[in-house]
Amino acid sequence: MSPEQALTEEVIASFAKTKDERLRTLMQGLVKHLHAFVHEVEPTEAEWMTAIRFLTATGQKCDDVVRQEFILLSDTLGISMLVDAINHRHATGATDSTVFGPFYIEGMPERAYGENMAFTPGTRAIVHGRVLDTHGAPIDNAVLDVWQTADNGMYSGQDTAQPHGNLRGRYRTDAQGRYAISTIVPVSYPIPTDGPVGDMLNATGRHPWRPAHLHFMIDAPGYRRLVTHLFDENDPYLHSDAVFGVKPSLMVAYREREDGVSREALYDFVLDRSE
Ligand SMILES: [Fe+2]
């Protein structure tokens, strides 16, 4: 065994007495693969310091409320979608999930069926449909926590000029499982590029754009939480999402309504029973 291999083995063995078996698996796996990565790319000491500085800056860019640079890093490296895929491997007939993203804010206003959540300009739209179980039965009183960007591509909270709760809200289904959201058509937007993740995208020639989408986190007692998006099926970035979150089953069309001005999108969500 080479001294380099011996070092790796020694570090792995140092976790052998970890009482929590899962923690031991995680730490030994992490060391094994990090060492393999270092072996493969053979960083210079200056490169390793650059990596330390990058991760330090990623943490320093985070704040308690609106900025979560580590989620952005996880998203842009495809880790978030890999974790999502591993945790939703078995097709159950439920709606596909996708990335949570860094822009959710808890405690947004409760909104009535069909209530408007858009207080900034845009193309008016109604997004509606039902929440069903895997047998097609309606789920009443499901909570749909929704969020999307304004026409300037920024979320309220992130953009402090927007009114509190703009383009955010908690809707509930009625007895027939129906929901309706009055909003604006979402737009494509770049993820924030003023931090280390933006520097990484820039240095590697990647663009920061995400295809237009509306975020959903749907909860109902007895059902598994669904975190997903609805994407505009006509968006130019559907095939190059900066965070790899697009799934073909999550497309909606924003069809023109009879008034010739506003749009309408229809989508039924399906929830899995929780174990
Ligand atoms: Fe988003």
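Student: Among contacts in the chain between residues at least 6 apart in sequence, what percentage join residues at least 24 apart?
Tutor: The model is a predicted one. Its chain holds six helices and 12 strands. For contacts between residues at least 6 apart in sequence, the share that joins residues at least 24 apart is 68%.

Student: How far apart do the C-alpha centres of domain 1 and domain 2 lie?
Tutor: Domain 1 covers residues 3-42, and domain 2 covers residues 79-271. Along the principal axes, the C-alpha atoms of the chain fill a box of roughly 75 × 40 × 30 Å. The distance between the C-alpha centres of the two domains is 39 Å.

Student: Which element gives the largest share of the largest nonpolar core?
Tutor: This core has 35 residues, and those touching the most other members are V131, L144, V146, F216, I218 and L271. Two or more residues each come from β1 (124-133), β2 (143-147), β4 (178-184), β7 (213-219), β8 (226-232) and β12 (269-271). The largest share amounts to four residues, and the element that supplies it is β1.

Student: Which residues does V131 touch, not counting residues up to four places away in sequence?
Tutor: V131 is one of the residues that touch the most other members of the largest nonpolar core. Beyond four places in sequence, the residues that V131 touches are I139, A142, T173, G177, Y179, I218, A220, F269 and L271.

Student: Are α4 and α6 roughly parallel or roughly antiparallel to each other?
Tutor: Helix α4 spans residues 69-76 and helix α6 spans residues 196-203; their axes are 9 Å apart and meet at an angle of about 30°. An angle under 35 degrees counts as roughly parallel. The two helices are therefore roughly parallel.

Student: In the contact of α4 with α6, how many residues are nonpolar?
Tutor: By class, one residue is polar and one is charged, while the number of nonpolar residues is five.

Student: Does A212 count as buried or exposed?
Tutor: A212 lies in the loop between β6 (209-210) and β7. Its contacts, leaving aside neighbours within four places in sequence, are P186, V187, S188, F231, D232 and D235. A residue is buried if 20 or more other C-beta atoms lie within 10 Å of its own. Because A212 has 24 C-beta neighbours inside 10 Å, it counts as buried.

Student: Does E42 count as buried or exposed?
Tutor: E42 is placed in the loop between α2 (21-41) and α3 (45-61). Although E42 is not a glycine, it has a positive phi of about 45°. E42 has 7 C-beta neighbours inside 10 Å, so it counts as exposed.

Student: Where is L167 placed?
Tutor: L167 is not a glycine, yet it has a positive phi of about 60°. L167 has 26 other C-beta atoms within 10 Å and is therefore buried. Its place is in the loop between β2 and β3 (168-172).

Terms used
Residues numbered from 1 in each chain as written. Predicted model: local features only at pLDDT ≥ 70, side-chain atom pairs only at ≥ 80, totals over all residues. Domains from an automatic or database assignment. Core = buried A, V, L, I, M, F, W, Y, C linked by C-beta atoms within 7 Å. Buried ≥ 20, exposed ≤ 12 C-beta atoms within 10 Å, placed from the backbone. Contact = placed C-beta atoms within 7 Å. Axes fitted to C-alpha atoms, helices over the stretch in contact; angles between N-to-C directions. Parallel < 35°, antiparallel > 145°, perpendicular 65-115°, else oblique. Nonpolar A, V, L, I, M, F, W, Y, C, P; charged D, E, K, R; others polar.
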